[in-house]
Amino acid sequence: MAVKKAIPAAQAVKGATVRRNRETRAVSTKVRSHPVLPEAPPYGSVLLISAATLAYEILLTRLLSIVQWQHFAFMIVSLALLGLGAGGMWVAFARRRLLPRFSSVYLTALVLFGLTTVASFIAVEQIPFNLEEVLQDKNQPLILVVICALLGLPFFFSASALTLCLVVFHTDAVRIHTATAIGAGAGTLLIFALLFTVVPDNALRSVGALGLAAAALAWWELRVDPRMGGAIFALMGIAVILLPGRWTELQITPNKSLPQILQVGGAQLVSERSSPLGLVSVVENTLIPWRYAPGLSLQATHEPPEQVGVFTDGDALTVITRPAKNPAEMDYLDQTTSALPYHLHTLQHVLVVGAGGGNDVLQARMHNVPLIEAVEINPQIAALVRGEYSVLSGELYASPDVKLHISEPRSYIAASDQKFDLIQIPLLNPVAATSSGRYALAENYLYTVEALREYLAHLEPNGYLAITRWINVPPRDTLKLLATAAEALERGGIRAPSEQLFLLRSSQTATLIVKNSPYSTAEIATLQAFCRQYKFDLGYYPGMQEEDAHLFNITDRAYFFAGAQALLGERKNVFMDRYKYNLEPATDDRPYFFHFFKWKSLNEMLAPPDTAGMALMEWGYLVLVATFITAAAASLLIIFLPLLFSRSMLRDVPRNPALGRVMWYFLLIGAASTLLQMALIQKFMLLLYHPVHTLVVVLTTTLLFSGLGSLLVQRFAEARHHLTTAFWAVAVIAALCLLYVNILGPLFDSALAFTPANKILLTIGLIAPLAFCMGLPLPLALDMVGSDMPAVLPWAMSVNQCASVFSAAGTMLLAMHAGFTLVFVFGLVLYGLALLAFPKSVR
């Protein structure tokens, strides 16, 4: 989700710095009565505050994802980013009073950014808030507003400083923009480096200190007396870094698993490791042993041996298990739904996707598989098993029969030329998150139709793909996964996909097993015997009858059998349309596997809290819709307030007919560029796969080359070729986007064998020309408006910043319903409309 919200901040910070403003003689005359303005722009502090702003935005998303949930983080950061627009609005209101006092106002804004970065988060941590109670508790909406306002303060002060800087140093706007673009790109790299080395709350203090360092540098750049006074700000930055750790310690919501586990007697949090992929927390308990075996049969004969719990972001749990000396004590691994493939056939080569602490690797070793390959995306978790807990794990990842690969799973499989007897995808998400829509906003390329086709292509002719998910009633992801597998088989030319599917479940988990060929009668008999032995319920097998379902783990109806029969029958579309959850298979173009919400089920979900309705609530999608509506409404308020109440602005621009064109142009450009950048991140995820690498490479490249593109503006501006240049820039953007939509898929397929470095170079080479052209339309209009109607510039940039914020939520809604290809097309339409609204003359 960090992936999405970096774009509005980058767009807004970049836009706020491109202004080339020539103040009118009337304002200049008024300035003369005040102290002399600095002669040169404070490039160094502009660079630092730009880096700190983008770093704060990305870090804030990570922090809120840890202490709450991803959909909560998306909502809060989206609304907090409106502080950027509010900063521009404030400058529009108070422009005449602020310009003569530039040095003091600029320094104050930088200092307040550094202080509020830390102070606001500390204050928010003390406010009790539960997003899921917002419909029952009338105080929760007010608390939400307070939280957004507090976390938006740093954005407000940053935007105010950068806006004011550009208004004063309008003749150097291009150079200031270049410094900002470099700073924002550096901020992206900085925060990801910090998250690999320190825990997130320490990274927060570092970002606050960077803001104060910007103030110290600005004191020296602006030649404020006494010259050594800036050292005070530097000392303040050091003090922020040295704040007591308990002041910024993360207060994780009690709805997550980690706080609940720590309430158990004897539980101790022994260590934490951070990375952009998550905060890894290790919990030991010597008093009450761990007993983690999801999907374990009610007929289990043994309990798990000694274990250590490993949480990611306070919730997603994996365990490191000590192998028992007596092999019989490991039999519990054979008494789970995921063990069925080892009974169907003798397996020689197994791939475990998302190995984590190694439980599924142990399961394969227990069944004497000669070669086990394990893929784990998070190097911190792998390092725990290999290092600190290597003895506990029995040197699991150093065993000669186990090969560990630190990689994004789908990327590894796509680049591999091997064939496997089994690809095992275990439980990778916490049950609480998947049962309430908390992952609805997360793109997941592991469970798309294209991904399942990739897995099947890497199986032996009689190989198996086994995917285990948590049980929800009524079922959601289990049935959606079955529908996805059926479509993947159909796209692969299989006329009867129902002949190649098994589904079984325990009281907690369900496992779908897809075979690369039709199941035999012997395999069906093995499935039936396995389920009878361990009291697992049959969900589906070829030729299954209803009386075989729903025997041991009783629910009020045979949901899984009925759903499977409908989805594999001729009336599957009718069933999917009538079902209360969205079961349409996820694709690479719409990779929202956990999006289950349907509007027609909303009334049932909004039932009183004493009924079952609230348990059915899919919060993620509703939060996204609420975020879009709230951000759009707040943006309208920010946009029109200056027009209604700013007498100074209206006095400078009496009844100018071009004002409407200015508003529409800046609004459309802000929305269009955000749509394209978010679509670029999604498209290049299919080349780089790794979410962190994709965000860093795409965002940094876009910032840098769009900044370089704006360097051309001054050359064209001198000849007043604004509209012609904007036309050709938009034309090239459209041509490149249409080209990429058609060629990126085949191109990425041919680049699968590239090294990571070569993939990054290819990404930069493809994005650079597009980003270069995307850097032209906004500064072209800014130059024109700044020359002819300077009083409007702060307001115009506030419009642009607000558009980039609310369009991020709009982009996700569009992508969830129509796909990212349509996002590309819609972004081009907005660019075309912006071109029609270009303020040809604003004199």
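**Close-up 1. Ring pairs join Tyr-447, Phe-593, Phe-594 and Phe-596 into a cluster.** This is a predicted model, in which local features need pLDDT of at least 70 and side-chain atom pairs count only at pLDDT 80 or more, while totals for chains, interfaces and linings use all residues. Residues are numbered from 1 along each chain as its sequence is written, and side-chain values use heavy atoms, leaving out hydrogens and water. Rings of Phe, Tyr and Trp (its six-membered ring) pair if their centres lie within 6.5 Å; planes under 30 degrees apart are stacked, over 60 edge-to-face, the rest tilted.

**Close-up 2. The charged end of Lys-480 sits over the ring of Phe-593.** It lies 5.8 Å from the ring centre. The criterion: NZ of Lys or CZ of Arg within 6 Å of the ring centre and within 35 degrees of the ring normal.

**Close-up 3. Phe-102 and Tyr-106 are both buried.** Buried means under 20% relative accessible area, exposed over 50%, partly exposed in between (1.4 Å probe, protein chains only). The two residues are four apart in helix H6 (residues 102–125), so about one helical turn separates Phe-102 from Tyr-106. Helices (H or I, at least four residues) and strands (E, at least two) are DSSP runs, numbered from the N terminus.

**Close-up 4. Tyr-447 and Phe-594 form an edge-to-face aromatic pair.** Their centres are 6.3 Å apart, with 85 degrees between the planes. Tyr-447 lies in the loop between helix H16 (431–434) and helix H17 (449–457), and Phe-594 in the loop between helix H21 (572–578) and helix H22 (602–605), so the pair ties together parts 147 residues apart in sequence. Both Tyr-447 and Phe-594 are buried.
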